[in-house]
Amino acid sequence: MRLAAFDEMAPEVSGLRRPYQAYDRWLKEQDPARLTQKMQDAERVFRKTGITFAVYGEQEASERLIPFDIVPRIISGQEWRRLTQGIEQRVQALNAFLDDIYHRQEILRAGRVPKELVAKNEAFLPEMIGVRPPAGVYTHIIGVDIVRISENEFYVLEDNARTPSGVSYMLENRETMMQLFPELFQQIKVQPVENYPQLLRQSLAAVRPQSTKGAPTIAVLTPG
C-alpha cells in the first residue's frame, strides 16, 4: 500500500497546523540570504567535526554529512505524551518477545510467528536459550523509526534493536540549531535533549549484574 505524503507543517486540507504557528511567524521574518548562509555554516561545522554517517549497501560505502533542515518536525507536548506511551509499550513488547523466544517459545508453538523465521535468522543465538540477562532486559536501547501519515496517525517503519544509531546526530543537530538561531529557542520552548547521556547511563546502570559492588563501570562501544 502506497501512502500519500503528508505535509506536517501545512496540510493542504487544514492549512498551517497549530504546533507550527510560532515557528511560521519566525520563518516569515527571516531574510532568505541569511537562512542560506546559516545552512552553509551548519554544513561547515558538521564537516569540521566529522559528523557524518556511512552509506552501506552500495559498492563502496561513502561518508555523508548528516541531513540538516532549518524546518524541524514539531511534535506538540500532547502528541509526545501519546507517542511516549506507545513507544514504551512497544519496547516492553519487544523485550517480552525475546524473553519468550529464548525460554518458553509460546509464540512459536501458537503459530503466531513461523518457527523458521526465528531459527534461520542470523541474529538468533541458540546459545542464549535458557539465559536471562540482568533485569531481564535484552534490548537496552531501541531506535524506533516513526513517521506521521496524517494529523493524528503515526506509523513505525522499523525497530532498530541490535545496533541503533542516530542519537549523536540528534544531539549535534539541536546544538547547532541553538547556536545558529538562539532567538528562535527564546521564542519557542522545546524539551531539552542534552541530558540524554545521563539518561543512557542510568538505564545501563539499572541492569548491572546483582554481583556488582558499588558504582558500576559502564562502557559504550561505538564506531563513531
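A: Begin with confidence. This model is predicted; the mean pLDDT of the chain is 88, and 93% of its residues reach 70 or more.

Q: Which elements of the chain have the lowest and the highest mean pLDDT?
A: Strand S1 (residues 52-55) has the lowest, at 70, while helix H4 (residues 106-109) has the highest, at 96.

Q: How many helices and strands does the chain have?
A: There are eight helices and four strands. Read from the N terminus, their order is α-α-β-β-α-α-α-β-β-α-α-α.

Q: What does the C-alpha trace span along its principal axes?
A: The span is about 60 × 45 × 40 Å. Of the contacts with a separation of 6 or more, 50% join residues 24 or more positions apart.

Q: How many positive and negative side chains does the chain have?
A: It has 28 positive and 29 negative side chains, and the centres of these two sets lie 5 Å apart.

Q: What share of the residues counts as buried?
A: The share is 22% of the 224 residues.

Q: Now a single residue. Is Glu79 buried or exposed?
A: The term rests on a cut-off: buried means under 20% relative accessible area. Glu79 has 13%, so it is buried. Its place is in helix H3 (residues 77-101).

Q: What does the side chain of Glu79 reach?
A: It makes a polar contact with the side chain of Arg17 at 3.0 Å. The side chain of Glu79 also reaches the backbone nitrogen of Ser76, at 3.0 Å.

Q: Which residues is Glu79 in contact with, leaving aside neighbours within four places in sequence?
A: They are Arg17, Ile74, Arg148 and Glu151.

Key
Residues are numbered from 1 along each chain as its sequence is written. This is a predicted model: local features need pLDDT of at least 70, side-chain atom pairs count only at pLDDT 80 or more; totals for chains, interfaces and linings use all residues. Side-chain values use heavy atoms; hydrogens and water are left out. Helices (H or I, at least four residues) and strands (E, at least two) are DSSP runs, numbered from the N terminus. Buried means under 20% relative accessible area, exposed over 50%, partly exposed in between (1.4 Å probe, protein chains only). Contact means heavy atoms within 4.5 Å. Lys and Arg count as positive and Asp and Glu as negative; His and the chain ends are not counted. The place of a charge is taken as NZ of Lys, CZ of Arg, CG of Asp or CD of Glu. pLDDT is the predictor's confidence in each residue, from 0 to 100. A polar contact is a pair of N or O atoms within 3.5 Å; within protein, one must be able to donate a hydrogen and the other to accept it, and residues adjacent in sequence count only if both atoms are side-chain atoms.
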